[in-house]
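Hi everyone, thanks for having me. Please take a moment to look at the picture on the screen, and then I'll walk you through it.

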Amino acid sequence: MLDLTFDAPKPKVISGATGDWELVIGMEVHAQVASKAKLFSGASTEFGAEPNSNVSFVDAAMPGMLPVINEFCVEQAVRTGLGLKAQINLVSAFDRKNYFYPDLPQGYQISQLYHPIVGEGEVLVEMGPGLARRVRIERIHIEQDAGKSIHDMDPHMSFVDLNRTGVALMEIVSRPDIRGPEEAAAYIAKLRQIMRYLGTCDGNMQNGNLRADVNVSVCRPGDYEKYLETGDFGHLGTRCEIKNMNSMRFIQAAIEYEARRQIAILEDGGTVDQETRLFDPDKGETRSMRSKEEAHDYRYFPCPDLLPLEIEQEWVDAIRDSLPELPDEKKARFITEFGLSDYDASVLTADVEAARFFEKVAEGRDGKMAANWVINELFGRLKKDGLEIGESPIGAERLGAIIELISRGDISGKIAKQVFEIAYTTGREPAEIVETEGLKQVTDTGAIEAAVDEVIAANPAQVEKARENPKLVGWFVGQVMKATGGKANPKAVNETVRARLGL
Amino acid sequence: MSIDKDTAAHVARLARIRVEEEDLPALASEFNRILGFIEQLNEVDVEGVEPMVSVTPMRLKRRPDVVTDGNMQEKILSNAPDAREGFFAVPKVVE
C-alpha cells in the first residue's frame, strides 16, 4: 500500500527588522518535448548542430508557410499531464503571443493561452521522511521555443541561431504553493524525475531543455493561509518574475536574493513593483529587465493558421494505459517489496535508469543486500570516475553474481569488494575471478583449525591475556584472517578461536 | 472604447511600424471606425452558439515525428541583410 500521509513542511521564514516574513513562490517550467522533429515543422531538434541548419522555411517564417502539428508532441504533453494526475482537455486551441525579438522570426509565438491541453494536476514534493509539499499544477500548455541570440561574438552585432526556433515546449504552470528556495529546487527535481520516467523530456538543464521562470513574493505569517482560504491574491505580496533559469543552484540563490530585496523595500516603507527580472549569477543579484515592460502587451489572439486541437478520450485512455510506474509508486514498492529504508528507496528511484538497474540486481536475490551494493559500492565507484549509471562498466547481471557468491558463502563481504573492483575494471566474470585468483572462502574446518592453532602457538603471551580479557578474541580472528589472505570464513574462525582458548 | 492618438502610437510601436506624428490622428480615427463595427457585431445575441472556427468540417491536420526538413543553412540565410559564420547578424540587442 502506498503511504501518502505526509506533513507539510514549514515555510521558509526570513526575519526582518519589523518582524518575520514568509516566501510565496510559483513557477513556470519550460520542458522541451523529447521529439525528433519540431512542433510545427519537420526540422530536427538535435542539440549542438551547425547554426541555422535545423531550420525549415516554416521556422524561418517565410511568407506562405503553414504550421502542421507534430502528433508525438501532443502525445507527450498528454502523457506529462497524466503523470501529474491532471485533467486532460479534449479540446484545446492555439493562440499567437505577439512580440518582436530577432530570434523570433514570426513576430509571434504560437502558444495556448485560452484553452490549454492540460488542466489542473498536482505534484508531491518530498522534503524529508514523512514531509512533503503538495504543489498544485494550474495548467500545462504546448508552445514553440524561440531561437538563440549570442551577444558576445561581436562588439556591435548580436548573432542569431534559429535551430531552437519552433522546438516544442511544455509549459508547466504551478500555483503559488512553493514556500522556500529548497522547495523550489525540489519541485523542479521532482518534475524532472517524473518526466524522465515518462520519457517526455530528457530534463537536461545544462542544454536548456528544462528551465524555469520563478515568481517570488513575500508576505507576513498568516497571510498565505488567508489566501488559501479565500483564493484572494490580495493577501499575498506583489510578485516579481525571475526569467529563464536553468540551474537548481541559481534558482535557489535568485529566490533568496529576490526575497531579501523585496523585504528591504517593504521595510523601508516602499512598494514592490510587479516586474520581470533577470538573475546575474556572477553578482548573485536579480536586476530589472526594463525592456520587457512594453513587450508585456502581447496582444494574444487565436492562431488563424491552426484549427482547434481535438483529441479523443480513447486515445487519452490508451496513453494512460501505457504509463510506466511513476517515482512515488516505485519508491513505495521498493520499500514494501524489497524491505528497503525510505532513504535507500529514494536514492534508488531518483533516476529511472538507476531504478531499473537495481531491480535487475535485486531480482531473485536479497533486496537489501542488492541496495547496499548498488548504492554504496557501485554509485560510489561511478561517482569517483564521474560516470552515469548508463555508462557503468559492470552490468546488473555481474553485480548480481557477486551478491550470489556472498549469499552462497563462497566469498566474504570483504573479498567481494576485491572481486567487485576487478570485475569493474576488467569486465571479467565474478565467478571466474574468484576461481582464478583463488579467492574462494575457506570453510574447511581442518584448514581453519590448523591456521588457528598456528596463531595460538606463535603467541603464548596473547593467549594468557585473552583468557583474562575475552575481547582479545578479535585480535586472534584478525591474525587468522591475515594468515589466510582473508579467505577464511570469519564466523568459523571466531568459533574455533573461542573453542581453542576455552572461552 | 475609444482610441486616442497616444494609443495609436503605442500600437504602431508594438507592431514596429513607423507612423509619422501627423498621420496618427487619421490612424486613430480609422481604429475607432473598426472598433465601432466590432461593437455593432457585439449586439448580435450569440448566447448558446458554439464559435465557428472553420467553414469546412475539418480536423486539425497532424504529422508524425519524423525529420523531413532543414539542412539548408545557405538558403535560410540568403535573404538576411547580414550573416556571419552561419548566424544571422543583427544590431546588438542586450538585456
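Predicted model: local features only at pLDDT ≥ 70, side-chain atom pairs only at ≥ 80, totals over all residues.

Let's start with a definition: two strands pair if DSSP finds at least two bridges between them.

Residues are numbered from 1 along each chain as its sequence is written, chains are lettered from A and ligands numbered from 1 in the order in which they are written, and side-chain values use heavy atoms, leaving out hydrogens and water.

Now, back to pairing. Strand 10 of chain A, residues 157-161, is joined to strand 3 of chain B by four bridges, and the two run antiparallel. Which strands make up the open sheet here, and in what order? There are four, in the order 9(A)-10(A)-3(B)-2(B), with antiparallel pairing. Its edges are strand 9 (148-150) of chain A and strand 2 (83-84) of chain B, each pairing on one side only.

Let's step back to the whole interface. With contact meaning heavy atoms within 4.5 Å, 40 residues of chain B are in contact with 54 residues of chain A. The size of an interface is often given as the accessible area lost when the parts come together. That buried area is found with a 1.4 Å probe and summed over both parts. For chain B and chain A it is about 4200 Å², with 59% of it on carbon and sulfur atoms.

How many salt bridges cross this interface? The rule, a side-chain nitrogen of Lys or Arg within 4 Å of a carboxyl oxygen of Asp or Glu, finds three. One of them links Arg59(B) to Glu312(A), with the closest N and O atoms 3.5 Å apart. On the chain B side, the elements giving two or more residues are helix 1 (5-14), strand 1 (62-63), helix 3 (73-77) and strand 3 (87-91). Strand 3 of chain B gives the largest share, five residues.

One residue I'd like you to find is Arg62(B), which sits in strand 1 of chain B. Is Arg62(B) buried or exposed? Buried means under 20% relative accessible area, exposed over 50%, and partly exposed in between, with a 1.4 Å probe and protein chains only. Arg62(B) has a relative accessible area of 15%, so it counts as buried. Not counting residues up to four places away in sequence, Arg62(B) touches residues of chain A including Val68(A), Glu71(A) and Leu309(A). Its side chain also reaches the backbone oxygen of Glu310(A) at 2.6 Å.

Finally, over to strand 2 of chain A, residues 19-32, where twelve of the 14 residues are buried. Strand 2 forms a hairpin with strand 1 of chain A, with two residues between them. Ten bridges join strand 2 to strand 12 (residues 210-219) of chain A, running antiparallel, and there His30(A) stands opposite Arg211(A).

Technical notes. Buried area = accessible area lost by both parts, 1.4 Å probe. Polar contact = N/O pair within 3.5 Å; in protein donor to acceptor, adjacent residues only side chain to side chain.
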